[in-house]
Amino acid sequence: MTNTPGTGRPQPVEPKADKASVRRHNLSLVLRTVHAAGETTRAAVAARVGLTRAAVSSLVEQLMESGFLVESGKTFSGQAGRPGTVLKPAGTGPAGLGAEINVDYVSVCVVDLTGADRVRLTEPLDNRAAGPARVLERAASLAARALEEAARDALHPAGVRLALPGLVSGGTVRQAPNLGWNQVAADRLFAAALTALRPGPELPVASDNEANAAALAELWFGTAGETRTFLHLTGEIGVGGAIVVDGELLRGAHGFAGEIGHMVVATEGRRCRCGSYGCLEQYAGQAALLRAAGLAPAAGEPAEPGNEPYGQWASGARPAGAAPAGVAELARRVQAGETRAVAAVEEAGRMLGLALSGAVNLLDPETVVLGGIYPRLMSRLAPAVEAELERRVVSGLWSRGTGRLRAASESADAARGAAAVVLRQVLADPLSYAP
């Protein structure tokens with residue numbers, strides 16, 4: 001409320017909600033409740049949201065007619081009365097499409113309202129070797145194929161969310177050092193390429209940092225349980241970071257929070273692609289790890305066949321959780337106890353722990369989650385990280401063996417997180433996406 005000048009009388013700051021806007025809100029409330037439960041009944045929804053059963057039934061009928069909910073059998077509560085009909089989100093209809101563009105691959109996925117990953121396409125590509133427009137065209141081509149597959153399953157993505165390795169704001173990649181991108185209008189270029197490849201209305205396109213998308217995937221699909229405040233690191237060619245506080249991304253004043261890969265861990269250290277020296281990713285990123293282990297060349301040297309750090313997977317395509325051939329070989333050598341590989345991973349862990357200890361002292365998270373290539377290396381990586389955290393975190397809560405440092409869930413990756421952001425928009429206002 002505000003006061004009208006000269007009168008002292010309070011005035012509303014927003015117009016009063018009419019019946020249509022109240023119903024719109026309640027449709028979202030019911031859909032989000034069913035989505036969160038997975039399976040539930042009208043009676044349980046009414047008890048959860050505080051509406052009458054009659055009101056909930058009316059809202060459920062509308063959501064079913066629009067294809068957001070389906071019924072599935074009966075459930076017995078164990079109490080007197082008739083069994084309730086089970087409600088659950090539909091496995092057809094509105095969906096989300098996420099597209100991760102990283103240095104050495106492009107991955108797209110379609111996620112339905114149940115949260116299931118229904119379509120997954122990945123191509124290994126050295127995206128540093130092509131200009132931004134060409135890379136975005138490749139990603140759009142993969143997205144168009146995913147849309148075709150989704151349509152065969154009666155899924156219709158409501159939009160596309162890009163996950164990009166750099167500073168992203170307002171649809172533009174301000175800077176992506178490992179891709180060599182500066183001031184790239186990613187949303188516009190991708191949307192134009194996708195529209196040229198498929199008939200029909202143009203899908204809305206938005207973008208975010210890939211580490212943010214991966215952290216949201218961990219929050220929504222991971223195995224963290226009730227953990228709502230954590231740091232999430234993604235080890236790829238570089239090192240991305242995201243901060244989740246009470247279930248929400250901490251974005252910072254300009255949307256660039258979490259760039260832990262460019263935290264300086266050696267003031268007179270190696271030159272980074274960002275222009276600085278001694279950044280964390282020069283010691284703990286994928287390229288740095290493979291070089292230290294002898295699985296990638298130093299600058300100007302050729303790679304050993306089969307161990308190229310960019311764009312090569314043992315399977316020929318990289319599904320969520322898979323690793324490039326060089327990383328797979330590194331993991332094999334670490335498990336075998338090969339001295340140089342073990343030393344490379346332990347040194348990366350020490351540098352990670354050095355950077356993370358400052359972040360933990362500053363932010364006080366419940367856990368730190370390591371994603372990307374790191375889960376495959378945890379046997380040697382985690383002890384080195386934990387040793388630094390135990391030594392440097394002042395709270396005393398980060399001693400080894402506490403379980404506060406853990407690997408990311410296999411089901412949580414940036415493409416899936418990006419797709420789920422689109423779904424959250426559908427859940428927030430289903431009427432906008434009704435047929």
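Trainee: Hi! Which side chain does the side chain of Glu329 make a polar contact with?
Mentor: That of Arg332, at 2.8 Å. A polar contact is a pair of N or O atoms within 3.5 Å; within protein, one must be able to donate a hydrogen and the other to accept it, and residues adjacent in sequence count only if both atoms are side-chain atoms. This is a predicted model, where local features need pLDDT of at least 70, side-chain atom pairs count only at pLDDT 80 or more, and totals for chains, interfaces and linings use all residues. Residues are numbered from 1 along each chain as its sequence is written, and side-chain values use heavy atoms, with hydrogens and water left out.

Trainee: Is Glu329 buried or exposed?
Mentor: Buried, at a relative accessible area of 18% (buried is under 20%, exposed over 50%, partly exposed in between, with a 1.4 Å probe and protein chains only).

Trainee: And which helix is Glu329 in?
Mentor: Helix α9, residues 325-335 (helices are DSSP runs of H or I, at least four residues, and strands of E, at least two, numbered from the N terminus).

Trainee: New topic: which residues touch the most other members of the largest nonpolar core?
Mentor: Among them are Leu280, Leu330 and Leu356, in a core of 42 residues. Such a core is a set of buried Ala, Val, Leu, Ile, Met, Phe, Trp, Tyr and Cys residues joined through side-chain atoms within 4.5 Å.

Trainee: Which element gives the largest share of this core?
Mentor: α10, with 10 residues.

Trainee: What follows α10?
Mentor: Asp364, with a positive phi near 55 degrees.
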